[in-house]
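I begin by displaying the structure.

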Amino acid sequence: MSTDLPPSPAERPAPADRRGAPSSKPSETGSGALAPVEKMSARSRALLLVLCGAIFLEGIDIAMLAVAIPTIRAELGLSTGTAAWVVSGYVLGYAGFTLLGGRAADLLGRRRMFLSWLVVFIGFSALGGLATEGWMLIVSRFVTGVASAFMTPASMSIITTSYPEGRQRNRALLIFAGTAAGGFSIGLVIGGLLTQLGWRWVFFAPVLLGGMILLAAVRLIPAGTPPVRQGGFDLPGAMTAAGAMLLLTYGIVRLEHGLAQWHMTIAVLATGLLLAALFVRIEQRSPSPLVRLGILRQASVARADLGALLLLGAFMGFQFMVTLYLQEMRGWSSLETSLTFLVTGIDVLLAPTVTPPLVERYGNARVILSGFLLATVAYALFLWFGLGSGYLMMLPTLLLTGVAFALAYGPLTIAATDGVVAGEQGLAGGLLHTATQFGAAVGIAAVTAVHGLAGGGLDAFRVALVVPLVMALAGLVLWATGLRQRTSGPEVGQPG
């Protein structure tokens, strides 16, 4: 298929380092330095619209279910444990296979992975809408999560290899990230509205949207080149990686139950860590490793992934506890609660308009740092709220949360892929989205566990909301330290 996408410098062969691995030295334009920018063609903009549509689909899918789950539980007569697994099943599938999904995009072809797993996503979303038993919903959500684990890194790596490194790629990634965050915020409202019509529409709406995206994607995503890297597939590495991620994520989700069955939780986490250690050993010896471990020694990649874990963990933990606070302590309906979070969707407006010029002028690190600073202030403000606090008192916190996400998430996406060669862009995307899903699991599990241990009432909610505040503070320290290291090193004068 022909395409008038601008040629990407990332597709050129990269020089090898002494160990034979591709060089991953960041470029100046990728780090936010000012450089000439080539205007996107109409086809380039259409391609970006399709890829943003896919990440928007993922965002609204997660958010809509979060709002609808109480209604689903009541109508199908699900137990508390089954209802929890309907939500956790998606997280398990996503976090367990994202690393494998990212590398599969590099090895097997990005277009192929994106289109095939989008079809799976659509099919199992439809199954969820037709479900009559709890196990059908759990299977639907688990496989949908697996589909997202392959689809999202593929879509992100299509961006990073289709647009020239520098301003054009940065702007595309910022729009992509802002759409993901906006999809979640808007999905909360759409989920509330669709639940009023019937909870099955929460599953059928993604089928309709996904179908339209699929039709456009078949036409617009370029056929590209053959798989970037030839050679054998690291099956032992793939199996141990998936097993480790599944067990670690499952162990984290089990923390929601506090001290109940703590022996099982420790056993699951310990087994997951053993598999992770085995995975590292396999990768060190494999001639064609699933993950080139050297990529984790690249400071910008490691810091961006950890920052994304903390950002998403804080945000998801905060959103989860505030939802419970509004519905259980204040008696608000699911629709009223979802409308409350609508203002956080300001990130979908700010990410493509305000964040790009800030990144170009100040660099990724400073913009990310400002995002964590605003998030810290936002979560601290909410600790003072009581049962009589009205919406206007909540508005500053919710608004700051949206602005903070717009400032931090997009630049984190750039930092996680900046300077990574074309043959490892899928891997870099897989690492980033693995970190975000682990962060979401950690954030929700931690606030739930703390809330349970603190007893009940308003004080328990306040204690639990300290968790997002601590995670935001940790992100603030992480990026303040990183910024100080950059400005004191040999790259003085380069934007972060």
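Does Phe318 count as buried or exposed, and at what relative accessibility? I find Phe318 at 2% relative accessibility, so this residue counts as buried. Buried means under 20% relative accessible area, exposed over 50% and partly exposed in between, with a 1.4 Å probe and protein chains only.

I note that the model is predicted: local features need pLDDT of at least 70, side-chain atom pairs count only at pLDDT 80 or more, and totals for chains, interfaces and linings use all residues. Residues are numbered from 1 along each chain as its sequence is written, and side-chain values use heavy atoms, without hydrogens and water.

I looked up the aromatic pairs and found twelve. Rings of Phe, Tyr and Trp (its six-membered ring) pair if their centres lie within 6.5 Å; planes under 30 degrees apart count as stacked, over 60 as edge-to-face and the rest as tilted.

Phe318 and Phe382 have ring centres 5.5 Å apart and planes at 85°, so I record the pair as edge-to-face. Phe318 belongs to helix α9 (residues 299–329) and Phe382 to helix α13 (residues 364–382), 64 residues apart. Helices (H or I, at least four residues) are DSSP runs, numbered from the N terminus. Phe382 is also buried, at 4%.

Next I examined Tyr325 and Phe461, whose centres are 6.2 Å apart with planes at 70°, so this pair is edge-to-face. Tyr325 lies in helix α9 and Phe461 in helix α16 (residues 457–464), so parts 136 residues apart in sequence are tied together. Both residues, Tyr325 and Phe461, are buried.

Finally, I list one aromatic cluster, formed by Phe318, Tyr325, Tyr379, Phe382 and Phe461.

Technical notes
Helix = DSSP H or I, 4+ residues; strand = E, 2+ residues; numbered from the N terminus.
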